[in-house]
Amino acid sequence: MQRGYNEAVIDGCSGFIFTNREGYVHNPQTINRAIKRIYTACNEQEKERAKQGHREPALIRHFSAYNLRHTFCTRFCENETNIKIIQEIMGHSDISTTMNIYAEVTESKKKESFENLQGRIKISQIYLNFYLNLKNRDKQR
């Protein structure tokens with residue numbers, strides 16, 4: 001087998017670059033262990049720098065390949081309007097999985113959406129401000 005080339009086909013995808021010693025695609029547990037080693041080492045360095053700088057360390061919280069997938073889908077949902085494409089790329093058999101678990105809505109995206117809509121139809125600035133204030137008040141409760 002040529003090094004750096006993999007013929008595996010997983011869920012219709014092929015051409016994987018990162019492989020293990022045997023030439024197979026890495027499994028999620030291997031990726032998660034590598035991620036953990038990286039952020040643990042970064043956190044140890046940050047603790048030392050913070051101690052030297054007499055400040056609180058800014059540590060990287062635990063995350064995994066699942067978190068990267070979640071973030072990818074959220075950003076994809078923010079940029080792709082065809083939810084069937086998102087569903088297919090994510091490999092979900094049910095669109096509700098994609099939309100209820102992975103598609104998050106950020107405050108900045110809601111505001112941007114209103115601003116875009118306002119450009120297309122006339123929404124009063126009063127209504128926009130009312131909506132945003134109402135949402136902020138609900139969050140504070």
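Residues are numbered from 1 along each chain as its sequence is written, and side-chain values use heavy atoms, with hydrogens and water left out. Because the model is predicted, local features need pLDDT of at least 70 and side-chain atom pairs count only at pLDDT 80 or more, whereas totals for chains, interfaces and linings use all residues.

Q: Why is Glu46 called buried?
A: Its relative accessible area is 9%. Buried means under 20%, exposed over 50%, and partly exposed in between, with a 1.4 Å probe and protein chains only; Glu46 at 9% therefore counts as buried.

Q: Which residues does Glu46 touch, leaving out those up to four places away in sequence?
A: They are Arg55, Glu56, Pro57, Ala58 and Leu59. A contact requires heavy atoms within 4.5 Å.

Q: Where does Glu46 lie?
A: Glu46 belongs to helix H1, residues 28-52. Helices are DSSP runs of H or I with at least four residues, strands are runs of E with at least two, and both are numbered from the N terminus.

Q: How do you know that Glu46 and Arg55 form a salt bridge?
A: The N to O distance between their side chains is 2.5 Å. A salt bridge is a side-chain nitrogen of Lys or Arg within 4 Å of a carboxyl oxygen of Asp or Glu, so the pair qualifies at 2.5 Å. The two side chains are also joined by a polar contact of 2.5 Å. Arg55 is in the loop between H1 and H2, and is partly exposed because its relative accessible area is 41%.

Q: What joins Glu46 to Arg49?
A: A salt bridge joins these side chains, at 3.5 Å from N to O. They are three residues apart in helix H1, so about one helical turn separates them. Arg49, at 44% relative accessibility, counts as partly exposed. Shared partners link Glu46, Arg49 and Arg55 into one network of salt bridges.

Q: Which residues does Arg55 touch beyond four places in sequence?
A: Arg55 touches Glu46, Arg49 and Ala50.

Q: Why are Glu44 and Lys47 called partly exposed?
A: Glu44 has a relative accessible area of 45%, and Lys47 has 38%. A salt bridge pairs Glu44 with Lys47, their closest N and O atoms being 3.4 Å apart. Both residues lie in H1, three residues apart, or about one turn of the helix. The structure holds four salt bridges in total.

Q: How do you know on which side of H3 its buried residues lie?
A: In H3, residues 83-90, the buried residues are Ile86, Gln87 and Met90. They cover an arc of only 100 degrees around the axis, which puts them on the same side of H3. The arc is that of the directions from the helix axis to the C-beta atoms. Glu88 and Ile89 are exposed on the other side of H3.

Q: What do the buried residues of H3 pack against?
A: They pack against helix H2 (65-79) and helix H4 (95-102).

Q: What is found at the start of H3, and what follows H3?
A: At the start, a side-chain oxygen of Asn82 comes within 3.0 Å of the backbone nitrogen of Lys84. Gly91 follows H3, with a positive phi near 80 degrees.

Q: How many helices and strands does the chain have?
A: The chain has six helices and zero strands. Of its 141 residues, 17% are buried.

Notes. Polar contact = N/O pair within 3.5 Å; in protein donor to acceptor, adjacent residues only side chain to side chain.
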